[in-house]
Amino acid sequence: MGISALTPPTRPEDLAETHLEFPDNRLLIELCGQFDRNLAQVEQQMGVHVLRRGNKLAVLGDKIAREQAAAVLRGLYARLEAGKHISSGDVEGSIRMGRPASEMIRAEGEQIEMFQGGAMELRTRKKGVEARTEAQKAYVANLFSHEMGFGIGPAGTGKTYLAVAVGVTMFLSGAVEKIILSRPAVEAGERLGFLPGDMKEKIDPYMQPLYDALNDFLPAKQVEKMLLEKRIEIAPLAFMRGRTLSNAFVVLDEAQNATSMQMKMFLTRLGEGSRMVITGDRTQVDLPRGTSSGLAEAERILKNVKGVSFNYFTSKDVVRHPLVGRIIEAYEADEATSA
């Protein structure tokens, strides 16, 4: 157990304290977590000690760390007051964001919540989705403020997941009339041969990550109905040729596997009232040897074009299992020494 209400951690006598009082003891218990694991997480990651004294918490440490930890704890308590629950991922996200707080500003038809101090939540039919790092927060903000946005970085940083969440949010608020999700049907280093079934059955294995994201945000029956009504479309990149995508939120996933010609074709599909998001990982190109990636070319050509935003993620933005971030860092270090 990281902390104890009975046995305070050993500390220098001159270590300063910040005192926090929480009126609802039931919420305070949930804030602390089972066996005080949430407080232990704050201790370990923020370099402070936390003592529980009745309905109060004392945060001990140097001034900056103490104030930041106190702000995180206040913000987490405010989440509980708003009727939300706290997971270890929420604690991690609050620590990364630095200063979540209690007051919320609503916009886009009551579908977006901005927490003062930096935290951001997208509200979908099934759950709220939060930006958990500064890079994610900037990415989401740019997707709302720009007609075209690029999200570039390693796996697990939430590029596609947040893009789909923004698309669902904008659809529910009436900002767009449909959601179109696409990715190149390129095999990841394997030859799977001819797949059985009709066209949908052949391409669905490639599109499954997009279905997974949608099902996280919308009830399954609603997703099925919207697919039948063509208000949601999930299709390979090759199916985009010849179309003009108007009043739609369009996502191209795994864009590093689009050729230069495919990328130009896709980008020029943008129609009136639409938003377009392109996500990819430059380190996971599965195109045949000698074929250049359209993502790299688009990044070079469009970097100074008005209305286009670029957001970059690193291993520090990985929000999957912490080991994923360390794996990515190990690969990056190996590539650096091999170069």
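The side chains of E254 and R183 meet in a salt bridge, with 3.2 Å from N to O; a salt bridge is a side-chain nitrogen of Lys or Arg within 4 Å of a carboxyl oxygen of Asp or Glu. E254 lies in the loop between strand 11 and helix 9 and R183 in strand 9, so the pair ties together parts that are 71 residues apart in sequence. Helices (H or I, at least four residues) and strands (E, at least two) are DSSP runs, numbered from the N terminus.

R183 is buried, at a relative accessible area of 11%, whereas E254 is partly exposed at 25%. Here buried means under 20% relative accessible area, exposed over 50%, and partly exposed in between (1.4 Å probe, protein chains only). E254 also has a phi near 55°, a positive value in a residue other than glycine.

## Basis of the model

This is a predicted model, in which local features need pLDDT of at least 70 and side-chain atom pairs count only at pLDDT 80 or more, while totals for chains, interfaces and linings use all residues. Residues are numbered from 1 along each chain as its sequence is written, and side-chain values use heavy atoms, with hydrogens and water left out.

## Other salt bridges

The structure holds ten salt bridges. One of them joins E130 to R79, the closest N and O atoms being 1.9 Å apart. Since E130 belongs to strand 7 (residues 128-131) and R79 to helix 3 (residues 63-81), the pair ties together parts that are 51 residues apart in sequence. E130 counts as buried at 18% relative accessibility, and R79 is buried at 7%.

Another salt bridge links R26 with D24, where the closest N and O atoms are 3.8 Å apart. In this pair R26 is exposed, with a relative accessible area of 57%, and D24 is partly exposed, with 27%.

## The parallel sheet

Strands of a sheet pair through backbone hydrogen bonds, either parallel or antiparallel. In this model, six strands form an open sheet in the order 10-9-11-12-8-13, with parallel pairing; two strands pair if DSSP finds at least two bridges between them. Strand 10 (232-236) and strand 13 (308-312) are the edge strands, each pairing on one side only. On average, neighbouring strands of this sheet are turned by 15° against each other, direction ignored. For such angles, axes are lines fitted to C-alpha atoms, for helices over the stretch in contact, and angles run from 0 to 180 degrees between N-to-C directions.

Strand 9 (residues 178-183) is joined to strand 11 (residues 248-252) by five bridges, and I180 stands opposite V250 in strand 11. Strand 9 also pairs with strand 10 over five bridges, again in the parallel sense; there, I234 of strand 10 is the bridge partner of L181. Five of the five residues of strand 10 are buried, so this strand is largely enclosed by the rest of the structure. Both of its faces are covered: I232, I234 and P236 lie on one side, E233 and A235 on the other. In strand 12 (residues 275-280) is I278, which is buried with a relative accessible area of 0%. I278 and G149 are 129 residues apart in sequence, yet 6.3 Å apart in space, C-alpha to C-alpha.

An open sheet of three strands has the order 1-3-2 and antiparallel pairing. Its edge strands are strand 1 (17-21) and strand 2 (49-53), each of which pairs on one side only. Neighbouring strands of this sheet are turned by 20° against each other on average, direction ignored. Strand 2 and strand 3 (residues 56-60) are joined by five bridges, and L51 stands opposite A58 in strand 3.

Helix 2 is mostly covered, as seven of its ten residues are buried; among them are L39, V42 and M46. After helix 2 comes G47, with a positive phi near 70°. In the loop between helix 1 (25-32) and helix 2 (37-46) lies D36, whose phi is near 60°, a positive value in a residue other than glycine. D36 is buried, with a relative accessible area of 10%.

Helix 5 (residues 134-145) has twelve residues and reaches 16 Å from its first C-alpha to its last, close to the 16 Å expected at 1.5 Å a residue. That expected span is 1.5 Å times one less than the number of residues. The buried residues of helix 5 include Y139, L143 and F144.
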